[in-house]
Amino acid sequence: MIKKSILIIDDDIILLKTAEEILSDLYSVSVAKGGKQGIALLKKGIIPNLILLDIAMPEMDGYMTLEKIKGIPGCEEVPVIFLTGFSESDYEVKGLKAGATDYIVKPFAKEVLLARVEMHLARSAQNLRKTVIDTQIQENRKRIQEKLTPVEWKVALAVAQGMENKEIAEQMNYSYGYIKNVITRIFLKLDIEKRRELRKLLIG
């Protein structure tokens with residue numbers, strides 16, 4: 001099984017080593033000794049599943065680094081967790097507004113770091129799956145719409161939304177028999193037999 005990857009960006013060498021030791025048994029870990037080095041790695045196409053990012057760094061702080069990260073193709077949806085010695089809520093709010101996913105105060109407990117990382121990797125994977133499914137549904141809808149007449153498409157959407165033939169007929173001012181025939185044509189064109197199949201194709 002391929003390990004998920006994590007990039008740690010921090011100018012604190014001790015923290016880098018500590019975090020790497022904690023995470024390396026479960027994940028593939030890369031480290032960068034500052035914002036510029038981290039950005040350079042990402043621009044090379046080394047896109048991790050999650051980034052741990054320190055706020056207080058010389059030359060390029062965490063906020064500036066995060067802004068640049070979000071502008072790198074492929075990094076827009078990568079979860080970023082800020083690591084910082086600041087515990088005031090203002091810093092947390094600023095980080096979240098800047099696009100950070102979470103915020104861990106240093107020094108952190110091993111269990112806390114592992115739990116937060118695991119949680120956000122799972123959430124990111126779930127979001128990715130949802131995006132893939134949504135994309136597939138949109139492709140299905142486009143393909144199906146091209147196969148159907150405008151009336152058939154309208155009826156197909158109504159069926160997918162759970163409407164019965166009688167309801168569709170009343171809403172569209174058609175006879176019950178006509179709607180029944182339209183649905184039969186839809187099923188033939190799409191090579192399906194049940195209403196739930198149509199719902200799955202159009203709604204998921």
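When I say contact or touch today, I mean heavy atoms within 4.5 Å. With that settled, here's the chain.

A word on where it comes from: this is a predicted model, so local features need pLDDT of at least 70 and side-chain atom pairs count only at pLDDT 80 or more, while totals for chains, interfaces and linings use all residues. Residues are numbered from 1 along each chain as its sequence is written, and side-chain values use heavy atoms, with hydrogens and water left out.

Let me start with L198. Setting aside residues up to four places away in sequence, L198 touches A156, V159, A160, I186, F187, L190 and I192. L198 also turns up in the largest nonpolar core, which has 22 residues; V155, I168, I186, L198 and L202 are the ones that touch the most other members. By nonpolar core I mean a set of buried Ala, Val, Leu, Ile, Met, Phe, Trp, Tyr and Cys residues joined through side-chain atoms within 4.5 Å. And buried means under 20% relative accessible area, with exposed over 50% and partly exposed in between, using a 1.4 Å probe and protein chains only.

Who builds that core? Helices α6 (150-160), α7 (165-172), α8 (176-190) and α9 (195-202) each put in at least two residues. The largest share, seven residues, is from α6. Helices here are DSSP runs of H or I, at least four residues, and strands are runs of E, at least two, numbered from the N terminus.

There's also a second, separate core, this one of 20 residues, with C75, F82, A100 and Y103 among them.

Back to α6 for a moment. Eight of its eleven residues are buried, so α6 is largely enclosed by the rest of the structure. Those buried residues are E152, W153, V155, A156, L157, A158, V159 and A160, and they pack against α5 (110-147), α7, α8 and α9. Just after α6, have a look at G162, which takes a positive phi of about 95 degrees.

Now let's zoom out. The chain has nine helices and five strands, and along the sequence they read β-α-β-α-β-α-β-α-β-α-α-α-α-α. How does the radius of gyration look? A compact globule of 204 residues would be near 17 Å, but this chain has 25 Å. That radius is taken over C-alpha atoms, and the globule rule is 2.2 Å times the number of residues to the power 0.38. The C-alpha atoms fill a box of roughly 75 × 40 × 30 Å along the principal axes. Buried residues come to 39% of the 204. Of the contacts between residues at least 6 apart in sequence, 57% join residues at least 24 apart.

On to the strands. Strand β1 (residues 5-9) has four of its five residues buried, so β1 is largely enclosed by the rest of the structure. β1 pairs with β2 (residues 28-32) in the parallel sense over five bridges; two strands count as paired if DSSP finds at least two bridges between them. In that pairing, S5 has S28 as its bridge partner, and I6 sits opposite V29. Getting from β1 to β2, the chain goes through helix α1 (residues 13-23), and this β-α-β crossover is right-handed. Right-handed means that, with the strands pointing away from the viewer, the path from the first strand over the helix to the second runs clockwise.

β1 also runs parallel to β3, joined by four bridges, and there L7 stands opposite I51. As a reminder, side chains in a regular strand alternate between the two faces of the sheet.

Buried or exposed? D54 is buried, at a relative accessible area of 3%. Its side chain makes a polar contact with the side chain of K106 at 3.0 Å. A polar contact is a pair of N or O atoms within 3.5 Å; within protein, one must be able to donate a hydrogen and the other to accept it, and residues adjacent in sequence count only if both atoms are side-chain atoms. Beyond its neighbours within four places in sequence, D54 is in contact with I9, D10, D11, G62, F82, L83, T84 and K106.

T65, in helix α3 (residues 62-70), is buried at 0% relative accessibility. Neighbours within four places aside, T65 contacts I9, G35, I39, L53, M57 and M60. T18, in α1, is partly exposed at 33%.
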